[in-house]
Amino acid sequence: MRAAVPALALLLAAALPLRAEESSALQAAVPGSMTFGASDRGYAQRHGDDAYVQAPRRLRDAREGLLLSFGMGGGSTYLSSQNAGRTGAFDLDFRLGYGFSDRFQLFMDFAVDAGRYPQSADFASWTFTIRGQTVLIGDRAGNGLNLNLGVGVGGVDYTDGYYSQYSTSTGLALAGGVSYDARVTPWFALSPEFFVNWHAVPNQPGLDDHVSSTYGLRLNFLWYLK
């Protein structure tokens, strides 16, 4: 019995290191262990990092995009070559351009003012201009008061009776307008405008040039295509 006690003590002393090794191996083998390493803490920090948040997309301005407009109205035209004062005219206008922002748009404008002097011929005074436009007073939704100014060329076509037609030479043209955009949808607006068109009409050498001028009101149907 006395010899068995020392033998039992030696057996226990040898078993303790084996149990420690088995415990370490078990923790490494079992998934979902409650021990966390440095790599686990790093993943938790990166999961909430701002680098994983997608940047918001830029919102386009209401007046930004392809600009397309068609307008019609009426006004008063003066042709110095007729020596007869002013007469009424029917106005048509077409615009194509681009809106770079709410504050600036650039477009091509083709306008025709057609009328008749009772004592002479029918006429069509036309202008082709490049215009810049800015918003005087407005909101981010696309409503507001605008000013446009431009420069280009212009001329007059005459029709005297059924067979006699002729056109003048083209001269310098200046044009402008004040309009108010009233948004109907995000991409369409009604835009009443007060407009002024002026251009020179070259005459024969040695004679003073004539001029054509028109002012009036028109209603533009305006689209901004994104």
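Which residue in β4 is the bridge partner of A114? The bridge partner of A114 in β4 is A124, where strands, like helices, are DSSP runs numbered from the N terminus (E for strands, at least two residues; H or I for helices, at least four residues). This is a predicted model, in which local features need pLDDT of at least 70 and side-chain atom pairs count only at pLDDT 80 or more, whereas totals for chains, interfaces and linings use all residues. Residues are numbered from 1 along each chain as its sequence is written, and side-chain values use heavy atoms, with hydrogens and water left out.

The protein has 2 helices and 9 strands, and read along the sequence these follow the pattern α-α-β-β-β-β-β-β-β-β-β. Of its 226 residues, 32% are buried, a word that here means under 20% relative accessible area, with exposed meaning over 50% and partly exposed the range in between (1.4 Å probe, protein chains only). Among contacts between residues at least 6 apart in sequence, 59% join residues at least 24 apart, a contact being heavy atoms within 4.5 Å.

The pairing around A114 can be followed in both directions from β3, which covers residues 105–116. Two strands are said to pair if DSSP finds at least two bridges between them. On one side, β3 and β4 pair in the antiparallel sense over 12 bridges, and a hairpin joins β3 to β4 through 5 residues. On the other, strand β2 (residues 86–99) runs antiparallel to β3 and is joined to β3 by 11 bridges, F94 having F110 as its bridge partner in β3. A hairpin of 5 residues links β2 to β3 as well.

In a regular strand the side chains alternate between the two faces of the sheet.

Two residues within the strands deserve a separate look. T127 lies in strand β4 (residues 122–138), and T127 counts as buried because its relative accessibility is 3%. Leaving aside neighbours within four places in sequence, T127 is in contact with D109, F110, A111, V153, G154, A173, N197 and H199. D91, placed in strand β2, is buried because its relative accessible area is 0%. The side chains of D91 and R218 are joined by a polar contact of 2.7 Å, that is, a pair of N or O atoms within 3.5 Å of which, within protein, one must be able to donate a hydrogen and the other to accept it, residues adjacent in sequence counting only if both atoms are side-chain atoms. With neighbours within four places in sequence left aside, the contacts of D91 include G71, M72, V112, D113, F195, N197 and R218.

In soluble globular proteins, nonpolar side chains tend to be buried together. The largest nonpolar core consists of 7 residues, L79, Y117, A121, F123, V156, Y158 and V201, a nonpolar core being a set of buried Ala, Val, Leu, Ile, Met, Phe, Trp, Tyr and Cys residues joined through side-chain atoms within 4.5 Å. Within this set, Y117 touches L79 and F123, and among the other residues that Y117 touches are T77, Q82 and R86, not counting residues up to four places away in sequence.

For contrast, Q204 sits in the loop between β8 (188–201) and β9, and Q204 is exposed because its relative accessible area is 57%. The C-alpha atoms of Q204 and S169, which are 35 residues apart along the chain, are separated by 9.8 Å.
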